[in-house]
Amino acid sequence: MEQNEQEMFRIVYPCGACKIQRRKCGDKCVLAPYFPPDDPHKFLLVNKLFGTSRIVKILQDIPVEKRSDTVKSLVYEASARVYDPIYGCSGAVSRLQKQVLELQSQLEAKQADLLNAQADVVFLATGYYNADEIQNNEIDLEEDEDLF
């Protein structure tokens, strides 16, 4: 029954792509499953960047089971182009890679701070200081109950 309701909905209302282009939406409309009539903005974004004929060609060249992911990718690329007209998705990836590098360097700094703090605890408790042994966990602080 749900399939019939969807078919009737499509008969009464054209898909988002056909609605924007003011044309009749046929039964074999390739764009109908991916651009619903209640979200025409989605098609507008993709159409502005790729064009209708190119979208149809892309979708026809892709297996049916991968088309939904392809449309999501096209919508993401179009949205990224609106946000960053020059670099698009590449700019977003570049920003994220830079952020990862910054976070990795912060993590390394915090790990070095932690190692120094552990060495200070050992030195204060035993008077012995060898950072290499501490880093390699050769000194077990938990076994020495006298330290704490």
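# Reading a chain of helices

Tutor: Buried means under 20% relative accessible area, exposed over 50%, and partly exposed in between, with a 1.4 Å probe and protein chains only. The model is predicted, so local features need pLDDT of at least 70 and side-chain atom pairs pLDDT 80 or more, while totals for chains, interfaces and linings use all residues. Residues are numbered from 1 along each chain as its sequence is written, and side-chain values use heavy atoms, without hydrogens or water.

Student: Where is K42 found, and which residues does K42 touch?

Tutor: K42 is found in helix α3. A contact means heavy atoms within 4.5 Å. Not counting residues up to four places away in sequence, K42 touches Y34, F35, P36, V71 and V75. A78 is 36 residues from K42 in sequence, and their C-alpha atoms are 9.1 Å apart in space.

Student: How many helices and strands does the protein chain have?

Tutor: Helices (H or I, at least four residues) and strands (E, at least two) are DSSP runs, numbered from the N terminus. In this protein chain there are seven helices and zero strands, giving the pattern α-α-α-α-α-α-α along the sequence.

Student: What share of the residues in the protein chain is buried?

Tutor: Of the 148 residues, 26% are buried. Among contacts in the protein chain with a separation of 6 or more, 30% join residues 24 or more positions apart.

Student: At what angle do the axes of helix α3 and helix α4 cross?

Tutor: Axes are lines fitted to C-alpha atoms, for helices over the stretch in contact, and angles between N-to-C directions run from 0 to 180 degrees. The axes of α3 (residues 40-50) and α4 (residues 52-61) cross at roughly 100 degrees and come within 7 Å. Angles under 35 degrees count as roughly parallel, over 145 as roughly antiparallel, 65 to 115 as roughly perpendicular and the rest as oblique. Therefore α3 and α4 are roughly perpendicular to each other.

Student: Which residues in α3 meet α4?

Tutor: F43, V46, N47 and F50 in α3 meet T52, R54 and I55 in α4.

Student: What does helix α5 pack against with its buried residues?

Tutor: Helix α5 covers residues 67-83. The buried residues of α5 are R67, T70, V71, L74, V75, E77, A78 and A80, and they pack against α3, α4 and α6 (89-126). One of them, T70, counts as buried because its relative accessibility is 17%. Leaving aside neighbours within four places in sequence, T70 is in contact with I58, L59 and I62.

Student: How do α5 and α6 pack?

Tutor: Their axes are 8 Å apart, at an angle of about 80 degrees. That makes α5 roughly perpendicular to α6. Y76, E77, A80 and Y83 in α5 meet C89, A92 and R95 in α6.

Student: Is D38 buried or exposed?

Tutor: D38 counts as exposed because its relative accessibility is 66%. The place of D38 is in the loop between α2 (16-21) and α3. D38 and Y13 are 25 residues apart in sequence, with 9.4 Å between their C-alpha atoms.

Conventions:
Expected span 1.5 Å × (residues − 1).
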